[in-house]
Amino acid sequence: MAQLPSGETAPLDGVLPLGENYDPSQSFHAYVHVPFCRVRCGYCDFNTYTATELRGVSQDSFALQLIAEIEFSKRALAASNFEPKPLATVFFGGGTPTQLPASDLVAILDALSDAFGIESGAEITTEANPDNVDLDYLNELKAGGFTRVSFGMQSAVSSVLAVLDRTHQPERVPQVVAWAKAAGLQTSVDLIYGSPTESIDDWRNTLEQALSLETDHISAYSLIVEEGTKLARQISRGELPQPDEDEQAVKYEMADAAFADAGLDWYELSNWSRGPETASKHNLSYWQGRNWWGYGPGAHSHIGGVRWWNIKHPAPYVERLNSGNSPALEREVLDASTILEEHVLLGVRLRDGLEIEKLRQVEGFKPEKIAGLIADGLIEASAALKGRVLLTLNGRLLADYVVRELLV
């Protein structure tokens, strides 16, 4: 499982040292991490736990613990002189948020609304496993204020799902998407490409099936083999082949072409939507460096140039809150240089691109790097002439290289 970064010890009172990087006009967002899964997928490196790993923590009472952190955050933000705006977005992720009853998710959302208010027209999303929702569940979410659901489809091919340890059957996905639409929710599906044993034809089938759902949004991520996962061990023992990076690039190009033909535009490297109104406003808030509080074990937060992360395991997380203390483990106060570099790193990933004027503020930036990237076909010449770095299709495949060129 992924290790948390290293920073200074976070204070138990949760008070933030807001300084010159705090902009009170910025929007405010909430992420809610539900760390429970029925089965741990072999590729997964997220902070998740199955029933046998909870060390006495009860899923039945977990919503109350999250609500306790919400109440703590309201006090800590007030003591920090932070002026929270009504929440512009709320995103429930995991793990599997839908391991909890819909009534628990609604109760958590109600607690956030009571603490901070929620903007009119706010985007309220939960991730969902196709296996554990039905029409009644989705209707309850809609009635409780949710606007959007993102299903973990991953693949439309049973053998690929088996390699990934996904528990749902392909035919389940059209059913749950139809139920979500009937409930009045916006819909999205997540796909993973490059799984060991997945052929080009398998991926083409998955793209065709995903597009047949006519969802509002699709995310497609290349499989990354994370150290310490079951999948990494299977590959190291020779039981499964290592994913082929060249084939992953081909699959990305296939996805981009298929989505474009179906009327979905890319707005971030791994995300496509049917226009700005169905792009994930919550994820955009991360990429644009907005303020958010992350609730739950291992959740990350960022407010006013202060970034912190909660203790990972649910048991000590609950113990901290029961003692009236912050569940935050460590934090870091970002300086102006780091904030600028992260703006470059994240801004390059977006369809709107990055202002070249921002690059001129980076110490050591070499303007000739722009010309070199244009010559290599990685950024668009016409956009650069208008003052923006905008990736070409080849540039999207080599986005990390582009960032290194711009920052080094």
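Helix H5 buries Val-173, Val-176, Val-177, Trp-179, Ala-180 and Ala-183; buried means under 20% relative accessible area, exposed over 50%, and partly exposed in between (1.4 Å probe, protein chains only). Seen down the axis of H5, these residues fall within an arc of 160°, so they line one face of the helix. The arc is taken over the directions from the helix axis to the C-beta atoms.

This is a predicted model: local features need pLDDT of at least 70, side-chain atom pairs count only at pLDDT 80 or more, and totals for chains, interfaces and linings use all residues. Residues are numbered from 1 along each chain as its sequence is written, and side-chain values use heavy atoms, leaving out hydrogens and water.

**Helix H5**
- H5 spans residues 172–183, 12 residues in total. Helices (H or I, at least four residues) and strands (E, at least two) are DSSP runs, numbered from the N terminus.
- From first C-alpha to last, H5 reaches 17 Å, close to the 16 Å expected at 1.5 Å a residue. The expected span is 1.5 Å times one less than the number of residues.
- The cover over the buried residues of H5 includes helix H3 (135–143), strand E5 (148–154) and strand E6 (186–193).
- Gly-184 follows H5 and has a positive phi, near 90°.

**Nonpolar cores**
- The largest nonpolar core has 100 residues, and Leu-138, Phe-151 and Phe-259 have the most contacts inside it. Such a core is a set of buried Ala, Val, Leu, Ile, Met, Phe, Trp, Tyr and Cys residues joined through side-chain atoms within 4.5 Å.
- Helix H2 (residues 102–116) gives the largest share of this core, 9 residues.
- A second, separate core of 12 residues includes Cys-41, Val-160, Leu-223 and Leu-240.
- Leaving aside residues up to four places away in sequence, Phe-151 touches several residues, among them Val-176, Val-177 and Ala-180. Contact means heavy atoms within 4.5 Å.
- Other contacts of Phe-151 include Ala-128, Val-133, Leu-138 and Val-189.

**Backbone features in loops**
- A cis peptide bond joins Gly-94 and Gly-95, with omega about 15°. Gly-95 lies in the loop between strand E3 (87–94) and H2.
- Thr-197 is not a glycine, yet its phi is positive, about 80°. Thr-197 sits in the loop between E6 and helix H6 (200–212). Thr-197 is partly exposed, with a relative accessible area of 47%.
- Glu-214 also has a positive phi, near 55°. Its loop runs between H6 and strand E7 (217–222). Glu-214 counts as exposed, at 56% relative accessibility.
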